[in-house]
Amino acid sequence: MSAPYDNDNPAATPPTLRRQFGLREAITITVGTVIGVGLFTTGGNIVGLMGPAVIIATLVAMLVSIYPALLYAEMGAALPYAGGTYQYAGLGLSRPLGMLAGWNFIISLVAVTGGESLAFAYYFKTVFLAIGIELPVPDVVLACIALVLFIVTNVRGVQITGRLQNGFMFFFWGVAAIWFLTMIPEVSLPTFVTAPTFLGSMDAFGFIAAVAMIWWCFAGFETCCGMGEEIRYPSINIPRALKLAPFIIFAVNGAFQWFLVGITPVEAIPGLAEAAAPYAEAMMSAGILGLPLLLLALGVAFGGDFSTLNASIAVPPRYLFTMARDGAMPRVFAKVHPRFRTPYVAVIALGALSILLVATSTLDFIASLSLFADLFYYIIGIAAALGLRRRMPDLARPFRVPGVAVGVPVSIVIYAVMMSQLGTEPLVVGAAWCVLGLAVFFACQARYGKPEPVSVAEALPGADEVPGAEEAAKMDREYRAWKIVVTACCIVVALLYAVPMLAG
């Protein structure tokens with residue numbers, strides 16, 4: 001960890017954040033980041049290309065996420081500070097690579113934030129369409145209102161952020177369960193037995209590209225690491241959240257994809273590949289309106305979209321805050337609100353950037369960076385795990401991943417192969433974005449100087465906190481309950497796909 005900095009008093013203790021998140025918030029802030037625009041756009045688009053075989057791509061995307069998630073669990077438990085991969089790569093590889101990791105994470109989530117706000121606007125208007133009312137408000141206006149709302153709540157404190165996140169995610173899951181029940185009579189099981197012939201065949205490169213797009217629905221599985229400075233008992237809660245996250249994301253994606261395949265008229269399935277809102281368009285093409293459409297719109301708008309907006313506005317500022325605190329970015333972004341203990345300047349700045357992108361319709365250009373930025377960011381983060389093992393062998397690791405010498409290179413190759421399927425434009429734009437980031441980094445370093453390294457033993461408040469016996473038992477019960485529910489959901493998803501095929 002590099003030497004932190006107090007903008008008002010360089011000799012003082014650096015500004016720190018407040019630890020108020022538990023296991024529940026660590027899970028919901030992580031899962032909420034990815035259950036939104038990816039699931040209801042990209043995940044649905046791949047159904048149009050693969051039909052019921054989409055579950056294979058989703059399963060592969062989960063499998064290539066599990067080991068990296070465990071690597072992040074190790075790093076997050078050992079270094080529970082704001083900034084996640086920026087911190088890990090800075091210590092395990094080099095400061096420039098750490099900066100590039102944070103820089104790419106920020107632009108990726110900014111793109112997600114803008115896209116999610118527009119998705120919210122669409123589904124919010126669909127709520128009214130389901131009851132026969134056409135809302136005469138532009139999507140951009142609704143999107144900007146939602147962004148301002150979450151900027152304000154995130155400035156006002158992490159406790160509010162956590163409570164809202166829990167509420168949005170549990171609302172989403174509750175509405176989703178009701179929607180699933182209402183959709184059962186509309187599902188056509190023969191579609192799962194024999195895929196429509198006009199879907200065609202997919203070669204190996206096409207399958208890799210499909211997996212890469214589905215994987216975007218998993219990107220963000222390590223989100224809680226970016227808020228490590230605000231999680232209580234991080235050595236326990238961060239690994240537990242990351243062990244569960246890939247399986248939760250798989251279960252939710254798999255269940256929604258199954259229903260999308262089942263309710264879409266056979267002739268309309270290929271059209272899902274280009275649909276802006278595959279689920280809503282599939283329901284309309286099947287003539288499923290009224291209450292089911294209303295439930296879908298409510299669940300997506302106020303559950304999926306709001307949970308992603310809340311998380312994607314909360315987490316990137318922690319990266320910018322930490323980078324600024326270290327002098328890798330302008331130090332104004334390191335300011336902490338004196339009352340709410342949040343990085344309010346970073347929150348407002350990145351929130352304003354999202355509003356600007358949405359209002360000026362320049363989001364498409366930034367969105368082209370998103371998948372490149374995600375994959376590049378994870379490649380750096382995965383490499384950092386091995387770098388930390390070699391550079392800091394004596395670092396206390398409450399959770400330790402086996403097979404790092406083999407698992408890290410294999411994971412890097414897998415993510416590099418997925419990156420190779422992005423096409424020329426994202427790679428060129430991504431490279432230009434990295435060059436810009438390095439220019440800002442070296443300019444800041446020239447102005448502020450290179451910070452002296454600080455011993456990792458100098459933990460931030462609460463980093464080594466240990467729960468009492470009663471609280472530890474309560475935490476164990478909560479974790480067991482999560483494992484039981486997640487395991488049951490994954491089994492149900494597997495049966496949903498297996499039973500129709502076996503019956504056929």
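**Salt bridges and a pocket**

Visitor: Does E74 count as buried or exposed?
Guide: E74 counts as buried, because its relative accessibility is 3% and the cut-off for buried is under 20%. Please note that this is a predicted model.

Visitor: Which residue forms a salt bridge with E74?
Guide: The partner is R397, and the closest N and O atoms are 3.3 Å apart. The two residues sit in distant parts of the chain, 323 residues apart: E74 is in helix α3, and R397 is in the loop between α16 and α17. R397 is buried as well, with a relative accessible area of 13%.

Visitor: And which residues are linked with E74 in a network?
Guide: Salt bridges link E74, R389 and R397 in a network.

Visitor: How many salt bridges does the whole structure have?
Guide: The search finds 8. One of them joins E229 and R325, with 3.1 Å between the closest N and O atoms. E229 lies in the loop between α10 and α11 and R325 in helix α14, so this pair ties together parts that are 96 residues apart in sequence.

Visitor: New topic: how much space lies in the second largest pocket?
Guide: The second largest pocket holds about 480 Å³ of space.

Visitor: What lines that second largest pocket?
Guide: There are 20 lining residues, and those nearest the centre are W173, A251, V252, V485 and C489. Helix α19 gives the largest share, 9 residues. By class, the lining has 19 nonpolar residues, 1 charged residue and no polar ones.

Visitor: Lastly, which residues make a nonpolar surface patch?
Guide: L129, M284 and L289 make a patch of about 270 Å². M284 belongs to helix α12 and counts as partly exposed, at 36% relative accessibility.

Note on methods: Residues are numbered from 1 along each chain as its sequence is written. This is a predicted model: local features need pLDDT of at least 70, side-chain atom pairs count only at pLDDT 80 or more; totals for chains, interfaces and linings use all residues. Side-chain values use heavy atoms; hydrogens and water are left out. Patches are made of residues with over 30% relative accessible area and no salt bridge: like charges are joined within 9 Å, nonpolar side chains (Val, Leu, Ile, Met, Phe, Trp, Tyr) within 5 Å. Accessible areas come from the Shrake-Rupley method with a 1.4 Å probe; for residues, only the protein chains shown count as cover. A salt bridge is a side-chain nitrogen of Lys or Arg within 4 Å of a carboxyl oxygen of Asp or Glu. Helices (H or I, at least four residues) and strands (E, at least two) are DSSP runs, numbered from the N terminus. Buried means under 20% relative accessible area, exposed over 50%, partly exposed in between (1.4 Å probe, protein chains only). On a 1 Å grid over the protein atoms alone, a cavity is a set of points where a 1.4 Å probe fits but cannot get out, and a pocket is an open set with protein on both sides within 12 Å along at least five of seven lines; lining residues have an atom within 4 Å of a point. Grid points are joined across faces, edges and corners, and a volume is the space filled by probe spheres set on the points. Ala, Val, Leu, Ile, Met, Phe, Trp, Tyr, Cys and Pro count as nonpolar, Asp, Glu, Lys and Arg as charged, and the others, Gly among them, as polar.
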